[in-house]
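Please look over the structure shown below before reading on. The briefing after it sets out selected features by topic.

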Amino acid sequence: MTEAIIKADEAGENTILVQKSLRSGQTVEFPGNVVILGDVNPGAEIIAGGHIVVMGALRGVVHAGALGDETATITAFQLEPTQLRIATHITRSPDGTDAPDIIHPEIAMIRNGVVVIEKYVVPK
Amino acid sequence: MGEVLVITSGKGGVGKTTSTANIGTGLAMLGKQVVMVDTDIGLRNLDVVLGLENRIVYDIVDVVRGNCRLKQALIKDKRFENMFLLPAAQTKDKTSVTEEHMKALAEQLKAEFDYVIIDCPAGIEHGFKNAIAGADHAIVVTTPEVSAVRDADRIIGLLEASGLESPKLIINRIRTKMVQAGDMMAVDDMMEILAVDLLGIVPDDDTIVISTNRGEPAVTDEDSKAGQAYRNITRRIIGEEVPLMSLEEKQGFLDKLKTLFGSK
């Protein structure tokens, strides 16, 4: 039993703004970009055709570029996902390590065929 | 007109029934008219925790089926005149109770009692939906375990989706020494995820086990730390401002010596 807050077939806009935190069991599916104004807790899930931006702590499962777009990125104030997927690539946090206390926003993207995570730098 | 509180958690075994018994008794000690409703049909045990098992004649299923009047099914507590229990059925079909029944029952009880406290079964299925149907407010119980916090988060989401906004949180079975040693989730870590108001913190206390087995809620025990925590929680429920109690354990002489010599 999941509560899809927005379903993929309700498309129309290219980007959707979710103005709440996602708790365990809640999902957002959208063919475009997804912006969350809040946290994404463990057990919550976002599946987006485009980019994902989380203005809070990202601790759940996220899938950007779910329709195959390898240029999709995932950005969060605190990037600590359970699992992170971009297009057909899947990564997870290393086993047995606590999430490091990183206080800067980070971005995940595919570069040379692998998912890389780095400090988010405002493009000039 | 009274208030209907549902006590829920998602995960089993975190202390819903113990919390219900202690909060109900605590409110009765403050002179409120209280009724507790056990909605865990088939696995009832609130009656056991309250020591009222041998008094049950009718139960909640009898009431909704019209086999008896509501008054006949209410069991008066053996310590407090102003406290009653509506027990769950143990052997009857649990699908005979619906959300409409629960709403009607809550309205009826609310008219006669200051507080109606509903003990919710574990899980998020039929029994959970019934338990929350007639509630005005929800109290979510969790323990400092990743699985319990995950389920509490799920439950808070479901409560909010059902219109029970801003539930209150009780964190049960905190062990201060383990938190200090970094071996147990700290209150702040849990609050960061769950982001709801904290109603109280209950320490892991041997007296709870003893009192639960005896059928005498710990809240009546002046010397019990957990009992003190529940007394504070009940005072917060009736609207008093009570600061969170310190869970620091007093150091014995030997502990102090050990600290002095830097060994643990």
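The buried residues of helix H7 of chain B are covered by elements that include strand E3 (26-30) of chain A, together with strand E1 (3-8), H6, strand E6 (137-142) and helix H9 (187-194) of chain B. This is a predicted model, in which local features need pLDDT of at least 70 and side-chain atom pairs count only at pLDDT 80 or more, while totals for chains, interfaces and linings use all residues. Residues are numbered from 1 along each chain as its sequence is written, and chains are lettered from A and ligands numbered from 1 in the order in which they are written.

**Helix H7 of chain B**
- Of the 16 residues of H7(B), 12 are buried, so this helix is largely enclosed by the rest of the structure; buried here means that 20 or more other C-beta atoms lie within 10 Å of a residue's own, exposed means 12 or fewer, partly exposed is in between, and the C-beta atoms are placed from the backbone.
- Among the buried residues of H7(B) are the charged-type side chains Arg150(B), Asp151(B), Asp153(B) and Arg154(B), as well as Val149(B), Ile155(B), Ile156(B), Leu158(B) and Leu159(B).
- From its first C-alpha to its last, H7(B) reaches 23 Å, close to the 22 Å expected at 1.5 Å a residue, where the expected span is 1.5 Å times one less than the number of residues.
- Just after H7(B) comes Gly163(B), which takes a positive phi of about 90 degrees.

**Contact between the chains**
- The contact takes 10 residues from chain A and 9 residues from chain B, two residues being in contact if their C-beta atoms, placed from the backbone, lie within 7 Å.
- On the side of chain B that touches chain A, helix H7 (residues 146-161) gives the most, with 6 residues.
- That side of chain B divides into 5 nonpolar, 1 polar and 3 charged residues, with Ala, Val, Leu, Ile, Met, Phe, Trp, Tyr, Cys and Pro counted as nonpolar, Asp, Glu, Lys and Arg as charged, and the others, Gly among them, as polar.

**Chain A**
- Chain A comes to 0 helices and 12 strands, where helices (H or I, at least four residues) and strands (E, at least two) are DSSP runs numbered from the N terminus.
- Buried residues make up 38% of the 124 residues in chain A.

**Helix pairs in chain B**
- The axes of helix H5 (residues 99-110) and helix H6 (residues 126-133) of chain B come within 7 Å and cross at roughly 30 degrees, the axes being lines fitted to C-alpha atoms, for helices over the stretch in contact, with angles running from 0 to 180 degrees between N-to-C directions.
- H5(B) and H6(B) are therefore roughly parallel to each other, given that angles under 35 degrees count as roughly parallel, over 145 as roughly antiparallel, 65 to 115 as roughly perpendicular and the rest as oblique.
- Their contact is made by Glu99(B), Met102(B) and Lys103(B) of H5(B) and by Lys129(B), Asn130(B) and Ala133(B) of H6(B).
- Helix H1 (residues 16-29) and helix H11 (residues 225-237) of chain B pack at an angle of about 65 degrees with their axes 9 Å apart, which makes H1(B) roughly perpendicular to H11(B).

**Arg69 of chain B**
- Arg69(B) lies in the loop between helix H3 (60-65) and helix H4 (70-73) of chain B, and with 11 C-beta neighbours inside 10 Å this residue counts as exposed.
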